[in-house]
Amino acid sequence: MRETDADRAGGMAEPVFRARGVTKVYEMGEVKVHALRGVDLDLFSGELVVLLGPSGSGKSTLLNILGGLDTATGGTVEYLGRELTRATDRELTEYRRRHVGFVFQFYNLIPSLTALENVSVVTDIAAQPMRPEEALGLVGLADRLNHFPAQLSGGEQQRVAIARAVAKRPSVMLCDEPTGALDAATGIVVLDVLERINREIGTTTALITHNADIAGMADRVVRVGSGVIQSVERNERKKAPREMRW
Amino acid sequence: MKGQALAIAMVIVSGVATYVISVTTLDSLRETRAAFYRDYRFAELFVSLKRAPESAAEAVRAIPGVDRVETRVAAWATLDVPGFTEPVRGLLLSVPDAGEPALNALHLREGRAVVPGRDDEIIAGEAFAQAHRLRPGDRIGAVIHGRRKALRVVGIGLSPEYVYEVGPGAVFPDPKRFGVFWMGRKALASASGMEGAFNDLSATLSPGASRQDAVGRVDAVLSRYGGLGAYPRDDQVSHRYLTEEFRQLGTLASIFPVIFLGVAAFLLNVVVGRLVSLQRDQIGILKAFGYSNADVGMHYVKLIVLIVLVGAAGGIGVGAWLGRGMTRMYMAFYRFPHLHYELRPAVAATAGLVSVASAVLGALQAVRKAERMTPAEAMLPEPPGRFRVTLLERLGLRRLLSQPGRMIARNVARRPLKSALSILGIAFACAILMLGNVQEDAVGFMVDTQFRLAQREDMTVSFVEPVSARALSELRSIPGVWYGEPYRSVPVRLRFGHRSWRTAVQGFSGGGSLHRVLDTRLRPVAMPREGILMTDYLAERMGLRPGDRVSVEVLEGARPVRDVPVVGLVGEYFGVNAYMDLRALNRLLGEENAISGAFLSADRADRQSVYDALKGMPGVAGTVVRVDAIRNFYETMGGTLLLFTFVITLLAASVAFGVVYNSARIALSERGRELASLRVLGFTRGEISYILLGELSLLTVAGIPVGFLIAGGMTAYIAERMKSDLYRVPMVMEGSSYGFAAAVVIVSALLSGLLVRRRLDRLDLVAVLKTRE
């Protein structure tokens, strides 16, 4: 169901993100790929949104633009009233540093640093971070502080990545297929952590997946296809990750 | 990959070029020398004597083993060259009045041979002629045996005897102040009082004849005529210097190419290794489809061979070009009729083969890695590296290091061998840079020690014949001379055990301050009342130690033979000598206070008038001025040293650049992902540059002191190999050489760093994050 003005006005504060008419065109050699063909979207503070869609639908592109990793070809994106689409590279770096926590499918930890150090890398440059031990405690890895990524399982690595993202107390958590490389059981553990963080700390969270079952845990489900938003649905009841089967 | 291949190719070019330069130059010089000696009948045995009648030559001819014999007249002269006021010494040698010399023939560069019947015609040696711009037709004045004579240059020539035209006791040619000339026999004989006689003899030996034997027998025949000891071609000065030069080139040819090619091989191993890692899945697929291990291996071998051949081709081209230039440079020091430069195909082929072989061997490990992977293994992602907290951190430094600092430290520590080899590569570049400068330092030190510490006289005067010590006061009374010290010099043969050595014993007055003798620690040493002081190198060669007694056979006058104790050792860099107290030497010779010459000090302003006065004194054979000798040295050698240093610097810089650039590119390739992750996390470009370049800086900075150590070792090795009785090069490394080497390495590293940084800035964050490790 398309989000209506009523929904927008209904009791929610100013959106954290406001995207209007966002387009993104890639040039791959001689071929032009239209990844996004005009996206309008608002994300509100504290909610957990799942971006659902098949591969190639443009959901990652949208997330990257929201996170300041990529720039839109057209349209505007505002974060708390500041326009991202015209920010310089330096400003985007600063934006990512202060406001965004990322979690990726393949964890992207620094292999030469321990779990604790991987989180410290971020807290060392943050303004008001959590203590790295605290963040790792949040994700249930208090006893694995001094292990290197090579010594951790996939699920543990992803949890370190989550701790790293949340330790800086970001305004926004952006997760791109966080369970994509994990088996079902481990995936549930990870999603549990994300859900808990969203609930306990109240960080606005956007989560990408192609797995419709996961959508059950979101406040709103945004279906993305062929470069546009096809529908936005509100979940009446949010499912806990443990309840999910896939 | 292109940039890296290019950087490696540059290192190979350096290696191959140094090889080609040294080998071709050596080849060309050897060939040219052999041809010159052969075509101009260079003698095999030489002897100077006081005076013998022409008939005495028959006795020498009769010696079994002696093939051809030619007698000559030789005379020293003081020359008056128009437009040149400083003292000039000349050696005049006779040529047959009719026909060519049987031995030691002349190559006429310009003009014509002397004509019989004219008594003033000379052929001037080319070096001297060029230095003074003399042409056939020019005139110079000469004082021969106290009598003035006007001479006319009719031709300009070269002789195999004086390829290296260096005066007696000198180390470097001084073409402005010493020259060799040829004059008709009759004319020279009458000018020097040698009519019907000879005082110089050359001979060749029959094939298979013993040189030792011949030398002994010639000495036996000629000793009654004041023979100063025959010597074979091996000891002939010009020939010796050439041989030493060849030895040096040979040493260089063995050291530099090995280092450069070694570094190139290491770099290829690293680069191909990385390539194989990056192309794992492609290798897996090819193997899955039936390509054999050998096929895959060959693919990488072909890549290596391609890079090496490009480098080798470049190196051969550069080497041939530089070699030609270097060979031409040699013409300025070594007087050959023409210098034939040739790049033999065998040299080029060897260079190519050796580079390919070393490269393939070096990269063998990487190639084998590609061959050994099973298809399934290959298609899996590379297993993550195992990191550890480094030793340093465990010792407590951990707290001091930021996370980026820890990343740097652990990356370096994870592959200790590779890190060590990278450091070694940079170290060698640093060492080579130092070598170039250290040569200059050493020579500067040698000259300084010799000419400023030891020989402090302004000029050295030598007499035609030993004279009474009273002549000294005559010299001292020349207006402008304010101090003088006498010396006595006698040619001798020293014997100890079965070893003998022909040299001169120099007698100085005790407590002399002008011309001093230094001990092995370069402190002035007083002349002992009795006994001999000997150059340390000579003592070593003769197996002598202070305390031993050496037999001294005097080769002039009454030719007494005496046993004299060796009382101490002398540190010298040029030549080998024996020293005694002047009075003690006189006693040894059984003479009263005789001197061969004097060391004088004179004010700069008065020098000219002193020269003139000396020129006018009939007993004076010649004058050598010290300041000129130093200036001349720097004039001749300075230019070559500079060129050599420049070329070596370029080559070494390319090695430093190559090693750092490759390390940087590989590091970027291996760490691109984590660096992009950091950018995603909000690290600025500057901050991730610090991480990447921090590791490289660590390697570079570690390499520099190791390079200094290696340079020390190489310098010692080279100095040891170049030791000879002609000169010994001290190990001297000035602070400026260290500084220069470090600076060039750092600049090369900075340049590579900048180039890599540009790539770093353009990291595509999105693309990198989508791929698995």
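A: Two strands pair if DSSP finds at least two bridges between them. Strands (E, at least two residues) and helices (H or I, at least four) are DSSP runs, numbered from the N terminus. This is a predicted model, in which local features need pLDDT of at least 70, side-chain atom pairs count only at pLDDT 80 or more, and totals for chains, interfaces and linings use all residues. Residues are numbered from 1 along each chain as its sequence is written, and chains are lettered from A and ligands numbered from 1 in the order in which they are written.

Q: What is the order of the six strands in the open sheet of chain A?

A: The order is β6-β7-β8-β3-β9-β10 in chain A, and the pairing is mixed. β6 (100–104) and β10 (228–234) of chain A stand at the edges with a single partner strand each, so one side of each has no neighbour in the sheet.

Q: In which sense, parallel or antiparallel, do β3 and β8 of chain A pair?

A: β3 (residues 48–52) and β8 (residues 204–209) of chain A pair in the parallel sense, over five bridges. Within this pair, A:Val49 stands opposite A:Ala206 of β8(A).

Q: Which strands does helix α7 of chain A lie across?

A: Angles run from 0 to 180 degrees between N-to-C directions, with axes fitted to C-alpha atoms, for helices over the stretch in contact. Two residues are in contact if their C-beta atoms, placed from the backbone, lie within 7 Å. Helix α7 (residues 184–200) of chain A lies across β3, β7 and β8 of chain A, at about 155 degrees to β8(A).

Q: How many residues does each chain give to the contact?

A: Chain B gives 21 residues and chain A gives 23 residues.
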